[in-house]
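Welcome to a short tour of a protein model. Have the sequence and the 3D view ready, and take the sections one at a time.

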Amino acid sequence: PAEPPPPAIREVWPTPGRTRRPEITDPEMQSALASGDGFLITAEEVEAGETDGRRWLRLERNVTITRDEATLVGDHGIYWESAGLAVVHGNVHGEERGSRIACDTLKYLRYDDIAILTGRAAYADSSGVLTASRIEIHRAEDLAVARGNARALDEESGSDLTAGLIIYDFA
């Protein structure tokens, strides 16, 4: 019997202060990397390796990162275990507690709690939409920094702001 998929919506952001290293939990299939704090990466194909003593996972097709209440999905990726760095490419999109992201490439710094979205980057929540060439989401500070052709559409006020740099407080 097939194993059930992870819950549809889980938190992609790590718990602040957690620095526990993940470990491969399914060594036979090499299809998942997880840690005891709910961080999980799955893909249809996973290649594990080591370079200069640093372990990495190369992820192909249906790359999914989940944690608590959020999910992040993309086509391809790589994860450097000791750095807690995931880079996901191609049709990247995610959801967490009513907010959504989309971009071409996402770099996720797990231990710093920062996501960097590049290429048609977008962040949306119940109050509006933020788009830019690059968006840095700093979860601990509840803010997003949009750079390059940044645009913020606020549905509540009806405002439409365009600038080179927009700092958005989503708290």
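The sections below go from the overall picture to single residues.

## What kind of model this is

This is a predicted model, in which local features need a pLDDT of at least 70 and side-chain atom pairs count only at pLDDT 80 or more, while totals for chains, interfaces and linings use all residues. Residues are numbered from 1 along each chain as its sequence is written, and side-chain values use heavy atoms, with hydrogens and water left out.

How confident is the predictor? The score to look at is pLDDT, the predictor's confidence in each residue, from 0 to 100. The protein averages a pLDDT of 79, and 78% of the residues score at least 70. Over residues 1-31, however, the pLDDT is below 50. This stretch still has 79 contacts in the model beyond near neighbours in sequence, where a contact means heavy atoms within 4.5 Å. Where pLDDT is low, the predicted coordinates should not be read in detail.

## The overall picture

The protein has zero helices and twelve strands. Both kinds of element are DSSP runs numbered from the N terminus: helices are H or I with at least four residues, and strands are E with at least two. Read along the sequence, the pattern is β-β-β-β-β-β-β-β-β-β-β-β.

Of the 171 residues in the protein, 46% are buried. Buried means under 20% relative accessible area, exposed means over 50%, and partly exposed lies in between (1.4 Å probe, protein chains only). The accessible surface comes to about 9100 Å², and 49% of it belongs to carbon and sulfur atoms. That area comes from the Shrake-Rupley method with a 1.4 Å probe; for residues, only the protein chains shown count as cover. Among contacts with a separation of 6 or more, 36% link residues 24 or more positions apart.

## Strands side by side

Two strands pair if DSSP finds at least two bridges between them. Start with β5, which pairs with β3 (residues 40-42) in the antiparallel sense over three bridges; here T42 stands opposite T64. Strand β4 (residues 45-51) also runs antiparallel to β5, with seven bridges, and G49 has W56 as its bridge partner. Ten bridges join β5 to β6, again antiparallel, with R58 opposite I78.

Carry on along the chain. β6 and β7 are antiparallel and joined by nine bridges, and G77 stands opposite V88. Ten bridges then join β7 to β8, which run antiparallel, with I101 as the bridge partner of G94.

## Turns and positive phi values

Most residues other than glycine have a negative phi. Which residues have a positive phi in the hairpins? In the β4 and β5 hairpin, with two residues between the strands, D52 has a positive phi near 50 degrees. The hairpin of β5 and β6 also has two residues between its strands, and D68 in the turn has a positive phi of about 50 degrees. In the hairpin of β6 and β7, four residues lie between the strands and G84 takes a positive phi near 65 degrees. For β7 and β8, with two residues between them, R97 in the turn has a positive phi of about 40 degrees.

D113, in the loop between β8 and β9, has a positive phi of about 65 degrees although it is not a glycine; at 7% relative accessibility, D113 counts as buried. R120 lies in strand β9 and has a positive phi near 50 degrees. Is R120 buried or exposed? At 69% relative accessibility, R120 counts as exposed.

## The nonpolar core

A nonpolar core is a set of buried Ala, Val, Leu, Ile, Met, Phe, Trp, Tyr and Cys residues joined through side-chain atoms within 4.5 Å. The largest one here has 32 residues, and L59, L106, L117, Y123, L130, I135 and I137 touch the most other members. The elements giving two or more residues to this core include β5 (54-67), β9 (114-125) and β12 (160-169).

## Two loop residues

R139 is in the loop between β10 and β11 and is buried, with a relative accessible area of 14%. The side chain of R139 makes a polar contact with the side chain of E96 (3.0 Å). A polar contact is a pair of N or O atoms within 3.5 Å; within protein, one must be able to donate a hydrogen and the other to accept it, and residues adjacent in sequence count only if both atoms are side-chain atoms.

G158 lies in the loop between β11 and β12 and counts as exposed at 61% relative accessibility. The C-alpha atoms of G158 and S127 are 9.9 Å apart, with 31 residues separating the two along the chain.
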